[in-house]
Amino acid sequence: SFHSGRHEVDYSKVRWHEQNTTNTEKVESEIARAGRLGCDLVIFTTYHSLHRLLDFEFDSAFFDESQYCTGKDWFTAVKLLKSRVKLFFTATEKIFSKEKLDENSRALNNEEVFGGIIYSILPKELIKRGVIVPPKLHMMEASSKGDNTLVAYIIDSVKFQHEHFINLGMPSSKTLVSANGTSCVKQVSDNIKKIKKELPEHTIYTIISDAKYGSMIDGVKVARNEFFRRLREPGNAIVVHYDIISEGIDIPGFTGIVLDRFLEKAKLLQ
C-alpha cells in the first residue's frame with residue numbers, strides 16, 4: 001500500500017503480508033523480489049502519492065473514483081503513468097463538450113488520455129431495473145429552539161424522517177448526516193446523551209479522521225472495521241460524518257440524508 005495515511009488492516013480478512021510506505025526504493029525492491037519469485041505484485045496507492053510511481057512500468061492500472069483523475073493535482077500523473085492497460089471507473093463522470101476538447105483537456109472523454117468508453121449505463125436504466133431508487137427531496141425547517149448547533153437539527157430532522165418512514169410501513173430508519181466540518185462531528189460525539197434522550201432507539205455513529213475521536217458508536221471509540229461491520233446491520237441509526245462516507249462506499253439501508261454542507265455535484269450524486 002503506497003500512501004502516507006494511518007494503516008489499519010483487518011487481518012481476519014487479509015491473509016497476506018501487507019505494509020504501507022511512500023519509499024520508492026522499497027517499491028523497486030519489491031518489484032525485483034516478485035520477479036525473482038515469479039509472483040504477481042499488487043500495489044495500492046492514493047492519488048496523492050501517484051506521482052511518486054512515474055518511474056515504474058506496470059502491466060495494468062485501475063483508477064477508482066476516476067472523476068478525480070481530471071483534477072489539476074492528479075491529471076499529469078495519471079497521464080504520465082506508464083502502464084500497458086489503464087482502466088477508469090466512476091459513477092460521476094466529468095466530461096467536456098467535444099468542441100472544447102484538446103489533448104490537454106482535463107475531462108474523462110479526452111480519449112488521448114483516457115481512451116474510449118468500454119461500458120456505460122445511465123441512472124434512469126438502473127432505476128428501471130430496480131438497482132437504485134430515484135431520490136426524493138424534502139424541504140423542511142428544523143426548529144432549533146435557540147440552539148443553533150448541528151445536534152438540534154439532527155434531532156428534529158431525524159424525528160421527521162423516522163416518523164415518515166415508519167408511517168410508510170418500514171421497520172426502521174437510517175439517516176446519513178453530512179456535517180459542515182470535523183468540529184461539527186466532534187460536537188455530535190460530545191452530545192450523544194442529548195441525542196439519545198430524544199431518540200433512544202437510534203444507534204449513533206460518528207466518524208472523522210481524528211486520532212482522538214476516530215470512529216465511534218454511541219460515543220464509544222471502536223476500530224474502523226468494527227464500525228463499518230456494525231453500520232451494515234439493520235436497525236435505527238444516525239450516521240454523522242464530514243467526508244469519509246461521501247463516495248465509493250456501499251452501506252445498505254439508508255433511508256435519508258441530511259445535508260448540512262454544500263456538496264459539489266459528484267459527491268451529491270454519489
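Trainee: Does D218 count as buried, partly exposed or exposed?
Mentor: In this predicted model, D218 sits in the loop between β5 (215-217) and β6 (220-222). Buried would need under 20% relative accessible area and exposed over 50%. The relative accessibility of D218 is 28%, so D218 counts as partly exposed.

Trainee: What is the phi of D218?
Mentor: Most residues other than glycine have a negative phi. D218 is not a glycine, yet its phi is positive, at about 50°.

Trainee: Which loop holds E65, and what is the phi of E65?
Mentor: E65 is found in the loop between β1 (57-63) and α2 (75-80). E65 counts as buried because its relative accessibility is 13%. E65 is a residue other than glycine with a positive phi, near 45°.

Trainee: Which residue forms a salt bridge with E264?
Mentor: E264 lies in the loop between β8 (256-259) and α9 (265-269), and at 37% relative accessibility it counts as partly exposed. The closest N and O atoms of the pair are 3.8 Å apart, and a salt bridge requires them to be within 4 Å. The partner of E264 is K94.

Trainee: How many residues apart in sequence are the parts tied together by E264 and K94?
Mentor: The salt bridge joins E264 and K94. E264 lies in the loop between β8 and α9, and K94 in the loop between β2 (82-88) and α3 (111-114), so the pair ties together parts whose separation in sequence is 170 residues.

Trainee: What distance separates the C-alpha atoms of E264 and D243?
Mentor: E264 and D243 are 21 residues apart along the chain. Their C-alpha atoms are separated by 12 Å.

Trainee: Which helix holds both R33 and E30?
Mentor: The side chains of R33 and E30 meet in a salt bridge, at 3.0 Å from N to O. R33 counts as partly exposed because its relative accessibility is 39%, whereas E30, at 19%, counts as buried. The two residues are 3 apart, about one turn of the helix, and both lie in α1 (residues 24-37).

Trainee: Which residues are joined with E226 into one salt-bridge network?
Mentor: E226 and R229 meet in a salt bridge of 3.0 Å, N to O. Both lie in helix α8 (residues 224-231), 3 residues apart. Salt bridges that share partners join E226 into one network with R229, R230 and E233.

Trainee: How many salt bridges does a search of the whole structure find?
Mentor: Side chains of opposite charge can pair when their charged atoms come close. The protein has 37 positive and 36 negative side chains, and the centres of the two sets lie 3 Å apart. The number of salt bridges found in the whole structure is 11.

Trainee: What accessible area do I127, V131 and I132 have together?
Mentor: V131 lies in the loop between α4 (123-129) and α5 (150-167), and it counts as exposed because its relative accessibility is 56%. With I127 and I132, V131 forms a nonpolar patch on the surface. Together the three have an accessible area of about 230 Å².

Trainee: What share of the residues of the protein count as buried?
Mentor: The secondary structure comes to 9 helices and 8 strands, and the C-alpha trace spans about 60 × 45 × 35 Å along its principal axes. The protein exposes about 17700 Å², of which carbon and sulfur atoms supply 53%. Of its 270 residues, the share that count as buried is 37%.

How values were computed. Residues are numbered from 1 along each chain as its sequence is written. This is a predicted model: local features need pLDDT of at least 70, side-chain atom pairs count only at pLDDT 80 or more; totals for chains, interfaces and linings use all residues. Side-chain values use heavy atoms; hydrogens and water are left out. Patches are made of residues with over 30% relative accessible area and no salt bridge: like charges are joined within 9 Å, nonpolar side chains (Val, Leu, Ile, Met, Phe, Trp, Tyr) within 5 Å. Accessible areas come from the Shrake-Rupley method with a 1.4 Å probe; for residues, only the protein chains shown count as cover. Helices (H or I, at least four residues) and strands (E, at least two) are DSSP runs, numbered from the N terminus. Buried means under 20% relative accessible area, exposed over 50%, partly exposed in between (1.4 Å probe, protein chains only). Lys and Arg count as positive and Asp and Glu as negative; His and the chain ends are not counted. The place of a charge is taken as NZ of Lys, CZ of Arg, CG of Asp or CD of Glu.
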